Amino acid sequence: MKKISNVNKKIIREKLSLFRGTIISDATVIEKALGWRLRTYFFSKTNQQASDFLYYIIETSHFSFDKKISLYEQIPYFRKLSQYSKVKDSLRFVQQLRNALAHWNLDEKLSNNNEVVIYNPNTFKRLKLNNEMMRKFQEHEKVLLKVFGWEQTLKEKNLN
């Protein structure tokens, strides 16, 4: 078995930190955009009720990303939209990737300078993080931010 040098371990850990930071941070923006979309569905006009709904219900720790996605999936208005399937799939992809990066462990032995491998310590399922995975994440991010009306964020990130 090939032993990994300390320099390579450092590079692999730095890449994992970069993947984690980017994806978790961007997933947070997507979650905010979804929360805002839910708020505008229930309250199209900005008023005190709309603000209270957003800050005291949607953006609380009790209303997780999963609960926001589940609420989105249950609303008949969204289900009828042509992009519903794509949005739902993108939301679940982002959620699962974010959760994996937040909770899974690094597999140094299977990782290298081009690909970082993480695994679920309970199931031992593995996930490869590389440029292709980042491209896939950014495609889902682009879909979601466009559909939720966050074009300015897309422009700032140069994803449009």
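Reply: Leaving aside neighbours within four places in sequence, Ser90 is in contact with His140, Val143 and Leu144. Contact here means heavy atoms within 4.5 Å. The model is predicted, so local features need pLDDT of at least 70 and side-chain atom pairs count only at pLDDT 80 or more, while totals for chains, interfaces and linings use all residues. Residues are numbered from 1 along each chain as its sequence is written, and side-chain values use heavy atoms, with hydrogens and water left out.

Ser90 is buried, with a relative accessible area of 2%. The cut-off for buried is under 20% relative accessible area; over 50% is exposed and anything in between is partly exposed (1.4 Å probe, protein chains only). Ser90 sits in helix α5. Helices are DSSP runs of H or I with at least four residues, strands are runs of E with at least two, and both are numbered from the N terminus.

Now the sheet. Helix α5 (residues 84-103) lies across β1, β2 and β3, at about 100 degrees to β3. Axes are lines fitted to C-alpha atoms, for helices over the stretch in contact, and angles run from 0 to 180 degrees between N-to-C directions. Helix α1 (residues 6-42) also lies across β1, β2 and β3, at about 70 degrees to β2.

The sheet itself is open, with three strands in the order β1-β2-β3 and antiparallel pairing. β1 (105-106) and β3 (126-129) are at the edges with a single partner strand each, so one side of each has no neighbour in the sheet. Two strands pair if DSSP finds at least two bridges between them. β1 and β2 (residues 116-119) share two bridges, with Leu106 opposite Ile118. β2 and β3 share four, and Val116 has Leu129 as its bridge partner. In β2, Val116 and Ile118 point one way, Val117 and Tyr119 the other, and all are buried. In a regular strand, side chains alternate between the two faces of the sheet. Six residues lie between β2 and β3 in their hairpin, and Phe124 in the turn has a positive phi of about 65 degrees.

Back to the helices. α1 packs on helix α6 (residues 131-147) at about 15 degrees, with the axes 10 Å apart. That makes α1 roughly parallel to α6. The class covers angles under 35 degrees; over 145 is roughly antiparallel, 65 to 115 roughly perpendicular, and the rest oblique. The crossing of α1 with α6 is left-handed. That label applies if the near helix is turned anticlockwise from the far one by less than a right angle; clockwise gives right-handed. From α1, the residues meeting α6 include Phe19, Ile23 and Ile30; from α6, Met134, Phe137 and Leu144 are among them. By class, this contact has 10 nonpolar, one polar and two charged residues. Ala, Val, Leu, Ile, Met, Phe, Trp, Tyr, Cys and Pro count as nonpolar, Asp, Glu, Lys and Arg as charged, and the others, Gly among them, as polar.

α1 has another partner, helix α2 (residues 48-58): the axes come within 10 Å and cross at roughly 140 degrees. That makes α1 oblique to α2.
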